[in-house]
Amino acid sequence: MPTQLKRYILTHEGLNISVKEYRASRSLKLIVHTDCTITLTCPPRTAKIRAANYILRNVDWIRQAVERFRTRPPKSASNDISVSPAQVKDLREKAAKYIPQRLQHLAALNGLHFEGLTITTTTSKWGSCSALRHIRISCFVMLLTEELIDLVLLHELAHTVQMNHSPKFHATLNTLLPMHNEKALNKKLKAYNIKKLR
Ligand SMILES: [Zn+2]
């Protein structure tokens with residue numbers, strides 16, 4: 001831990017900058033932290049006016065950095081879910097009730113056709129679609145929100161017309177999604193991590 005010598009707060013137009021002197025510091029350095037707090041580290045015995053001037057010269061940069069962190073969505077809290085064998089059984093039953101009718105509904109709504117459906121207990125992927133248009137869906141989708149379940153189902157339905165992950169596929173999928181937001185939804189989906197307990 002570097003030795004901190006002196007610490008005070010400088011205020012400039014609503015910005016609070018915590019000024020810290022460090023013995024090992026050789027130059028002035030501004031840091032905007034992800035929680036939007038601002039620190040100016042400086043060498044020992046840096047005059048307050050020098051610190052203030054440095055902040056003044058860099059105030060645009062500070063505001064931009066603060067704004068960037070302020071508007072950045074919080075790092076998606078990852079959803080690590082561990083599921084017991086009893087819960088797997090339960091999810092499988094729920095999926096068997098919900099997925100066939102939902103998949104059928106989404107297919108009919110979009111004029112798409114699939115040949116068959118299997119509910120699996122795989123944790124490695126949410127779903128798949130064979131060249132013969134047989135769709136497999138993991139029962140663990142039942143742990144997702146409805147919009148993400150639909151994403152998984154529509155992803156596989158999009159494969160009934162595009163058997164790849166080409167730009168054409170993503171374009172197709174986006175037309176199927178009510179908000180045309182595959183990227184945003186995929187990001188949410190990625191946050192989920194399902195683990196089967198033994
Ligand atoms: Zn796919």
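Predicted model: local features only at pLDDT ≥ 70, side-chain atom pairs only at ≥ 80, totals over all residues.

Visitor: Into which domains is the protein chain divided?

Guide: Domain bounds come from an automatic or database domain assignment. Here they give domain 1 (4-71) and domain 2 (79-196). The centres of domain 1 and domain 2, taken over C-alpha atoms, are separated by 48 Å.

Visitor: How is strand pairing to be read?

Guide: Strands of a sheet pair through backbone hydrogen bonds, either parallel or antiparallel. Helices (H or I, at least four residues) and strands (E, at least two) are DSSP runs, numbered from the N terminus. Two strands pair if DSSP finds at least two bridges between them. In this model, strand β1 (residues 4-12) and strand β2 (residues 15-22) run antiparallel and are joined by eight bridges. Histidine 12 has leucine 15 of β2 opposite. β1 and β2 make a hairpin with two residues between them, and glutamate 13 in the turn has a positive phi of about 45 degrees.

Visitor: In which sense do β2 and β4 run?

Guide: β2 and strand β4 (residues 38-42) run parallel, joined by five bridges. Serine 18 stands opposite threonine 39 in β4, and leucine 40 in β4 is the bridge partner of valine 19.

Visitor: In what order do the four strands of the open sheet stand?

Guide: The order is β1-β2-β4-β3, with mixed pairing. β1 and β3 (29-32) each have a single partner strand and stand at the edges, so one side of each is left without a neighbour in the sheet. Angles run from 0 to 180 degrees between N-to-C directions, and axes are lines fitted to C-alpha atoms, for helices over the stretch in contact. Neighbouring strands of this sheet are turned by 25 degrees against each other on average, direction ignored.

Visitor: Which strands does helix α1 lie across?

Guide: Two residues are in contact if their C-beta atoms, placed from the backbone, lie within 7 Å. Helix α1 (residues 48-57) lies across β1, β2 and β4, at about 50 degrees to β1. Helix α2 (residues 59-71) lies across β1, β2, β3 and β4, at about 25 degrees to β3.

Visitor: What is the order of the three strands in the open sheet that contains β6?

Guide: The strands of that sheet follow the order β6-β8-β7, and the pairing is mixed. β6 (116-120) and β7 are the edge strands, each with a single partner strand, so one side of each is left without a neighbour in the sheet. Neighbouring strands of this sheet are turned by 15 degrees against each other on average, direction ignored. Five bridges pair β6 with β8 in the parallel sense, and isoleucine 119 stands opposite isoleucine 137 in β8. α3 packs on the sheet, touching β6 and β8, and its direction makes about 155 degrees with that of β6.

Visitor: Is helix α4 mostly covered or uncovered?

Guide: A residue is buried if 20 or more other C-beta atoms lie within 10 Å of its own, exposed if 12 or fewer, and partly exposed in between, with C-beta atoms placed from the backbone. Eleven of the 14 residues of α4 are buried, so described as mostly covered. Among the buried residues of α4 are Ile149, Asp150 and His155. The buried residues of α4 pack against α3 (85-109), β7 (127-129), β8 (134-138), α5 (167-176) and α6 (182-190). α4 lies across β7 and β8, running at about 15 degrees to β7.

Visitor: Which residues touch the most other members of the largest nonpolar core?

Guide: A nonpolar core is a set of buried Ala, Val, Leu, Ile, Met, Phe, Trp, Tyr and Cys residues joined through C-beta atoms within 7 Å. Of the 27 residues in the largest one, Ala95, Ile137, Val141, Val152, Leu153 and Leu154 touch the most other members. α3, β8, α4, α5 and α6 each supply at least two residues of this core, and α4 gives the most, with seven residues. A second, separate core of eight residues includes Val32, Ile38, Tyr54 and Ile55.

Visitor: Why does histidine 105 count as exposed?

Guide: Histidine 105, in helix α3, counts as exposed because it has 12 C-beta neighbours inside 10 Å.

Key
Residues numbered from 1 in each chain as written.
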